[in-house]
Amino acid sequence: MMRTLAAVLLFVLLSAAAGAAAAAGIRIVDDRGVAVDFAQSPQRIVSLLPSLTETVCALDACDRLVGVDRWSNWPAPVRALPRLGGLDDVQVEALLRLRPDVVLAALSHRTLARLEALGLRVVALQTERHADVQRVLATVAALLGEPARGEQAWARVQQQLAQAAARMPPALHGATVYFEIASTPHAAGADSFIGQTLAALGLHNIVPPALGPFPQVNPEFVVRARPDLLVAVAREARTLAQRPGWAALPALRAGRVCAPAEGPAWELLVRPGPRLGEAALALADCLAALPAPLPASPQ
Amino acid sequence: MNPPSTPTAARAEPGVTGTAAARDAGDARRARCLMLLAGLGVAALALSALGLAAGSAGLSWSALQQDLADGHAAALIGQLRAPRTLGALLVGALLGLAGAIAQGVFRNPLADPFLLGSAAGASLAVVAVIAASALAGQAIAPAAAAWAERLGLVGAAYLGALGGVGLTLLLARGAHQTLRLLLAGVVVGVLLGALAELLTLLSPDALRARQAFQLGSTALLGWPAVALLALGLALALPLALRSARVLDALTLGEDSAASLGLHLPRWRLALVALLALCTALAVAQAGLVAFVGLVAPHLVRRLAPSAHGYLLGASALAGGVLLLAADVLARSVVAPQELPVGIVTAVLGGGYLLWLLGRGGLR
């Protein structure tokens with residue numbers, strides 16, 4: 001009886017101590033709604049998503065990264081870090097050996113439960129739209145113990161978005177655009193982070209928000225919409241005119257196609273991370289440099 | 001629409017001729033065959049009309065009128081919908097024909113055109129081409145990338161499919177034994193599939209393209225593709241029909257067929273080559289459209305059991321009708337979005353086959 005009482009008392013004391021430690025430390029609520037407590041700001045971080053890797057580095061904490069996923073390649077220093085596999089094939093043993101204080105991963109990552117069962121602290125985050133990028137910057141900044149940096153980084157993104165919009169030639173204001181993310185053809189709709197960037201540049205996406213972020217569209221839809229501007233990865237852009245009926249598209253005839261090369265230039269545009277503003281600037285520069293002026297807006 | 005008697009009742013017994021009953025059965029069978037052909041023909045025409053009408057606004061009469069009024073209709077129908085519609089018919093026909101040949105050669109109703117490594121070979125080739133051009137972005141293999149780009153996805157898929165079957169034939173040391181050929185096909189499928197998985201892991205760009213290829217798509221079929229497909233079908237169909245008697249003999253068993261004086265290994269090799277060419281042509285243009293090749297011969301056999309001369313032709317027509325129906329649905333159900341056509345063929349073909357099985361009882 002006494003022993004049970006002592007055990008209960010010990011438990012209560014321990015819980016109180018743990019609670020006090022958490023109160024003194026950092027508590028993060030990730031995008032699953034799970035609260036993760038840290039006694040102090042984690043110094044050894046593993047990131048399993050390129051946009052999260054970029055977020056950590058954008059918050060000046062690149063040196064705290066000890067391992068990244070296979071696709072993380074920006075900024076340059078992360079290329080020297082141990083690679084821990086991709087989205088679906090994380091090398092759990094190699095990850096454990098790095099003894100990370102926290103693992104940052106995508107919400108959809110398959111191994112979240114497995115990693116947690118192994119005693120790792122996992123913060124699962126979702127970066128899909130501009131607001132997500134802002135929230136993830138704030139969450140990761142809080143995790144790093146530097147909440148102010150999150151606000152600064154987001155302010156920088158917004159500033160870049162405004163600069164990019166200012167760089168757009170007035171003739172392109174309200175121009176219609178089709179942004180292809182895969183030749184299937186999958187488009188970046190108005191409801192995606194790319195669509196939000198295009199809207200910020202004053203462009204009109206031919207793929208309406210109702211179709212979802214990245215819908216597979218009927219190629220005829222694009223032919224019918226006759227967008228003023230096209231954006232596609234260079235490899236696909238070269239073959240657009242060979243698609244049935246596409247050669248007659250005014251954008252293709254006039255060469256109003258923005259075609260970033262495969263690799264870093266394209267990745268900048270299609271990664272929802274802290275380089276959102278930089279991507280908007282790159283896109284604005286590319287569109288502003290297109291040769292032919294638009295005809296009087298056909299309404 | 002169909003008489004209530006079971007299809008097998010109409011199957012003529014070889015050797016029983018001259019009796020009134022057999023003559024009646026033969027007449028009934030012929031009538032059934034003609035009715036099925038007529039039905040499929042009407043369906044093909046009706047679906048083609050729908051195919052010309054269904055666009056990115058779905059199956060909408062008002063949208064069609066609007067296009068006609070705007071003068072858009074000629075370009076939209078002439079350059080997009082017409083080749084897409086004809087292309088779907090032709091791809092389906094090639095797959096249906098290939099399926100009928102496969103089921104005849106292997107005397108197995110589970111055989112389909114993708115059996116001998118053609119699907120895995122084509123997938124691997126597609127992934128390899130995309131991975132090569134993605135790696136070129138990192139300046140690793142510019143020569144390979146330039147080569148891959150000239151070849152294109154269509155050419156790569158075609159060669160990949162033929163390569164897969166070639167490898168199967170090599171491993172099986174020709175087409176002497178059916179079982180060895182089938183096993184080699186399974187092994188090649190698994191090996192090439194694993195290689196494609198590995199390449200996909202190394203090059204994430206290839207993931208979506210691979211998925212799209214495996215689900216199949218009729219969205220980007222143009223007139224050049226239609227011309228190629230039509231030429232292929234025009235060459236393959238007569239060759240297949242010429243080999244119908246071999247497939248008929250094979251239904252009696254390999255020993256009986258050999259006792260009829262047929263040089264089976266040679267015929268099998270020829271039929272496998274024909275099957276591979278049909279499949280490669282279809283797959284290169286439209287991806288691995290599921291289920292058409294498997295289900296088309298079944299539909300024909302259940303609705304109008306007959307010899308191979310009829311089965312091959314009717315399976316081609318049934319395959320074309322099935323794929324075109326799936327294509328029309330794929331582009332109109334959630335327009336202007338598209339469903340992957342392979343998903344629709346699986347639902348349509350599988351559903352119909354299940355319904356037939358349920359009606360006739362499992363045999």
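Predicted model: local features only at pLDDT ≥ 70, side-chain atom pairs only at ≥ 80, totals over all residues.
Residues are numbered from 1 along each chain as its sequence is written, while chains are lettered from A and ligands numbered from 1 in the order in which they are written.

**Domains of chain A**

Let us start with chain A, which is divided into domain 1 (28–145) and domain 2 (168–288); these bounds come from an automatic or database domain assignment. The C-alpha centres of the two domains of chain A lie 30 Å apart. Across the boundary, 12 residues of domain 1 of chain A are in contact with 9 residues of domain 2 of chain A, where contact requires the C-beta atoms of two residues, placed from the backbone, to lie within 7 Å. On the side of domain 1 of chain A that touches domain 2 of chain A, α2 (50–58) and α5 (130–143) of chain A each supply at least two residues. Helices (H or I, at least four residues) and strands (E, at least two) are DSSP runs, numbered from the N terminus. α2(A) gives the most to this side, with 5 residues.

**Where the chains meet**

Between the chains, 27 residues of chain B are in contact with 24 residues of chain A. On the chain B side, the elements giving two or more residues are α3 (73–105), α4 (118–137) and α7 (205–215) of chain B, and α3(B) gives the most, with 5 residues.

Here is the make-up of the two touching sides by class.

**Strands of chain A**

Chain A holds an open sheet of 4 strands in the order β4-β3-β5-β6, with parallel pairing; two strands pair if DSSP finds at least two bridges between them. Its edge strands are β4 (65–68) and β6 (122–125) of chain A, each pairing on one side only. Neighbouring strands are turned by 20° against each other on average, direction ignored. For such angles, axes are lines fitted to C-alpha atoms, for helices over the stretch in contact, and angles run from 0 to 180 degrees between N-to-C directions. α2(A) packs on the sheet, touching β3, β4, β5 and β6 of chain A, and its direction makes about 140° with that of β3(A). Within the sheet, β3 (residues 45–47) and β5 (residues 102–106) of chain A pair over 3 bridges, and A:Ser47 stands opposite A:Leu104 in β5(A).

Elsewhere, β1 (residues 26–29) and β2 (residues 35–38) of chain A pair in the antiparallel sense over 4 bridges. Their hairpin has 5 residues between the strands, and A:Gly33 takes a positive phi near 90° there.

**A buried leucine in chain B**

B:Leu281 sits in helix α11 (residues 264–286) of chain B. B:Leu281 counts as buried because it has 28 C-beta neighbours inside 10 Å; the cut-off for buried is 20 or more other C-beta atoms within 10 Å, with 12 or fewer for exposed and partly exposed in between. Leaving aside neighbours within four places in sequence, B:Leu281 is in contact with B:Leu94, B:Tyr158, B:Leu228, B:Leu229 and B:Gly232.
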